[in-house]
Amino acid sequence: MTIHVQANSNIALVKYWGKRDPVLNLPAAGSVSMTLAGLTTTTSAAFGQPADTFEINGQVQTGKAAAKLSKFVDLVRERSGRTDGIAVKSSNDFPTAAGLASSASGFAALALAAARAAGLTLSPQELSVLARRGSGSAARSIAGGFVHWHRGARADGVDSYAESVAPASHWDLHCLVLVTAQGAKDLPSTDGMNLTMKTSPFYQAWIDTVETDIGDALQAISARDFQQLADVAERSCLTMHASGMAARPGVLYWNARTVELIHEVRRLRAGGSPCFFTIDAGPHVKVFCEANAADGLETLFRRHESVLDVLHATPGEGAHEVQA
Ligand code: PMV
């Protein structure tokens, strides 16, 4: 039986940066995100094959990439008792060439598709724990709307899962992804995190900020308090990046356009346009605003000399099965 699923990407409002267990992808601290409709992975999976095959955006995966995916599917095989191969086809509706992380939606979709194809019925919590093994941020894409990924305390990681704290319909926040580089190859997030953990004198100081920021972000989301969410999201982003910049050698994901757009968002806000920025392990700038400001800001950013492309996302659903 072939299973078809969709999963959306997500953007952290309180960042995840640092692992307490690199094999299980257990985070050093929790995080908070919004799941994004408009940055979607569609995946199909069927067991009963002589060997595993993975096709992503029409390209058959080989070598290390295929081995990593097979290792992930092994987790599903172990749990279901299956020993046969899987055929997986996956595609993103957003430009992967732009260097936008697709691991969150990709592993969330693969976790659900492979589990269902193997005949497993997992709870959302178990699915989040499974997706986390592929990529930490994928744990959050299992859930929809506004999401809290719990740090957890257990060494086996079963309590480190993400769950929705408010559905997508709770708050019509929009996210404009301002693309500032094409096909740029950044330092993978795992490498950036590890370097920060091992060498940055600011690493512990960063981790010490996260719990308070999570509390503030959850309160801001619950109250739909845009200004409070803006404050916490920007400080979480800047503190995370500051911890990386202080690593040896410094982890610096920003380009000149990234910095220009940080200033632009601040200018817009000072001019009465409520918006805030956040930045992940790459040079693109994600601008959040409320629905009524989104189209005007999109037009403005499309004309901006530092912006190569704009993707427009809204709060999205968690990973779910779809018809073929
Ligand atoms: O789980 P990964 O490897 O996609 O790492 C995500 C790291 C950041 O995007 C920078 C922060 C986050 O919380 O998503």
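Predicted model: local features only at pLDDT ≥ 70, side-chain atom pairs only at ≥ 80, totals over all residues.
**Ligand site**

I started with the shell around the ligand: six nonpolar residues, five polar and three charged. Residues are numbered from 1 along each chain as its sequence is written, and side-chain values use heavy atoms, with hydrogens and water left out.

I then looked up who sits around the ligand and got 14 residues, the closest being Tyr16, Gly136, Ser137, Arg140 and Ser189. A residue makes that list if one of its heavy atoms lies within 4 Å of the molecule.

Next I went through polar contacts, here pairs of N or O atoms within 3.5 Å. The Arg140 side chain puts an N or O atom 2.7 Å from a ligand oxygen. For Ser137 I read 2.8 Å, again from a side-chain N or O atom to a ligand oxygen. Asp280 has a polar side-chain atom 3.3 Å from an oxygen of the ligand. On its own the ligand has 380 Å² of accessible area, and the protein covers 91% of that; areas are Shrake-Rupley with a 1.4 Å probe.

**Val14**

I found Val14 in strand β1, residues 3-14; strands are DSSP runs of E with at least two residues, helices runs of H or I with at least four, numbered from the N terminus. Val14 is buried at 0% relative accessibility (buried is under 20%, exposed over 50%, partly exposed in between, 1.4 Å probe, protein chains only). Beyond four places in sequence, its contacts (heavy atoms within 4.5 Å) include Ser31, Val32, Asp213 and Val232. Gly30 is 16 residues away along the chain, with 8.2 Å between the C-alpha atoms of Val14 and Gly30.

**Pro95**

I placed Pro95 in the loop between β7 (85-92) and α2 (103-117). Pro95 is partly exposed, at 34% relative accessible area. Leaving out residues up to four places away, Pro95 touches Leu100 and Leu311. I also checked Gln182: 87 residues from Pro95 in sequence, 9.6 Å C-alpha to C-alpha.

**Cysteines**

I counted zero disulfides, taking one as a pair of cysteine sulfurs within 2.5 Å. Cys175 has its closest cysteine sulfur in Cys289 at 8.5 Å, so the pair is too far apart for a bond. For Cys237 the closest is the sulfur of Cys175 at 12 Å, also too far. Cys175 is buried at 0%, and Cys237 is buried at 0% too.

Technical notes
Polar contact = N/O pair within 3.5 Å; in protein donor to acceptor, adjacent residues only side chain to side chain. Nonpolar A, V, L, I, M, F, W, Y, C, P; charged D, E, K, R; others polar.
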